[in-house]
Amino acid sequence: MSNNSNLRSSKYPINPIILNRTSKRAMSGETLSKEELMTLFEAARWAPSSNNNQLTRFVYASKDTEHWSTFLELLADGNKIWCKNASNLIIILSRKNSYYKSSDQRSHSFEAGSAFENMAIQGTSQNLVIHPMGGFDYAKARELLSLENIWDIECMVAVGKPGDVSSLPKELQDSDNQPSTRNPLDQIVFEGIFTEK
Ligand SMILES: Cc1cc2nc3c(=O)[nH]c(=O)nc-3n(C[C@H](O)[C@H](O)[C@H](O)COP(=O)(O)O)c2cc1C
């Protein structure tokens, strides 16, 4: 049995929202209401974490506010081009140390990733663009937020209302029109023994 959704197909049937989540770039420039935005953080908040440590944090800027241009400036040029039409830019942070043991929490990045995916799935259900980005200046972001060493910067996320693909530069239009595919399961799943393929 397979599943088809949004031009993507899975070998085994899965919830269609998983296939429908993509990292689109075309956004309309409209802003999200506070409620729409907070709903994304609400979803992220319910992600699992080791010992329920809850080490992930979200710092956001909204279009047309005092923080917008400094957040946008952090981005690589290739991301700025389309992120200017986002409603919000989010920086995801994680705390490297556990609150319960005064020691490193190895899973802090894993937990932040889980929180992001919750947000992405929720946003997909709200028909929003939720696009993670590593293309930004991590050092400048650290400086901007006056982060102490205990905090890691994980990712930035562009959030917005979907827009017209024709508003994107030509070279970016294809990936919005054609969702990416994935490696087959037998390349990523192993029973008992791991062999690099
Ligand atoms: C950690 C991370 C960093 C990424 N950085 C960027 C980025 O800087 N710019 C960009 O356009 N997309 C970025 N992406 C999006 C990926 O290109 C995208 O997730 C991948 O091609 C798979 O496509 P999909 O998300 O539509 O399934 C990033 C994704 C992740 C998870």
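Student: T124, buried or exposed?
Tutor: T124 counts as buried, with a relative accessibility of 19% in this predicted model. That falls on the buried side because the cut-off is under 20%.

Student: Which helix is T124 in?
Tutor: T124 belongs to helix α5, which covers residues 108-125.

Student: And what does T124 touch, leaving out residues up to four places away in sequence?
Tutor: With those left out, T124 touches I17, N20 and R21.

Student: Switching to the ligand. How many residues surround it?
Tutor: The ligand is surrounded by 14 residues. The closest are R8, S23, R25, H131 and R182.

Student: How far is the polar side-chain atom of R8 from the ligand oxygen?
Tutor: The distance is 2.6 Å, from a polar atom in the side chain of R8 to an oxygen atom of the ligand.

Student: What about S23 and S180?
Tutor: For S23, a side-chain N or O atom is 2.5 Å from an oxygen atom of the ligand. For S180, the corresponding distance from a side-chain N or O atom to a ligand oxygen is 3.0 Å.

Student: How much of the ligand's accessible area does the protein cover?
Tutor: The ligand on its own has 630 Å² of accessible area, and the protein covers 60% of that.

Student: Which elements each supply at least two residues of the shell?
Tutor: Those are α4 (77-83) and β5 (129-133).

Student: Which element gives the most?
Tutor: β5 does, with 3 residues in the shell around the ligand.

Student: OK, aromatics. How many pairs are there?
Tutor: The structure has 4 aromatic pairs. One of them is F136 with Y138, which is stacked, with 4.1 Å centre to centre and 20° between the planes.

Student: Why stacked?
Tutor: Because planes under 30 degrees apart count as stacked, and the angle between F136 and Y138 is 20°.

Student: How accessible are F136 and Y138?
Tutor: F136 is buried, at 9% relative accessible area. Y138 is partly exposed, at 33%.

Student: And what kind of pair do F190 and F194 make?
Tutor: F190 and F194 are edge-to-face, with ring centres 4.9 Å apart and planes at 85°. The label follows because planes over 60 degrees apart count as edge-to-face.

Student: Where do F190 and F194 fall on accessibility?
Tutor: F190 is partly exposed at 27% relative accessibility. F194 is exposed at 58%.

Student: Which residues are linked into a cluster by ring pairs?
Tutor: F41, F58 and Y60 are, through ring pairs.

Student: What lies over the face of Y99?
Tutor: R95 does, at 4.0 Å from the centre of the Y99 ring.

Student: Last topic, backbone. What is the phi of N51?
Tutor: N51 has a positive phi of about 55°, although N51 is not a glycine.

Student: Where is N51, and is that residue buried or exposed?
Tutor: N51 is in the loop between α2 (34-45) and β3 (56-62). N51 counts as exposed, at 55% relative accessibility.

Student: What about the phi of D64?
Tutor: D64 also is not a glycine and has a positive phi, about 65°.

Student: Which loop holds D64?
Tutor: D64 is in the loop between β3 and α3 (68-74). As for accessibility, D64 is exposed, with a relative accessible area of 68%.

Methods
Residues numbered from 1 in each chain as written. Predicted model: local features only at pLDDT ≥ 70, side-chain atom pairs only at ≥ 80, totals over all residues. Heavy atoms only, no water. Phe/Tyr/Trp six-rings, centres within 6.5 Å; stacked < 30°, edge-to-face > 60°. Buried < 20%, exposed > 50% of the residue type's maximum accessible area, 1.4 Å probe, protein only. Lys NZ or Arg CZ within 6 Å of the ring centre and 35° of its normal. Helix = DSSP H or I, 4+ residues; strand = E, 2+ residues; numbered from the N terminus. Contact = heavy atoms within 4.5 Å. Near = heavy atom within 4 Å. Polar contact = N/O pair within 3.5 Å; in protein donor to acceptor, adjacent residues only side chain to side chain. Areas by Shrake-Rupley, 256 points an atom, 1.4 Å probe, with all protein chains shown as cover.
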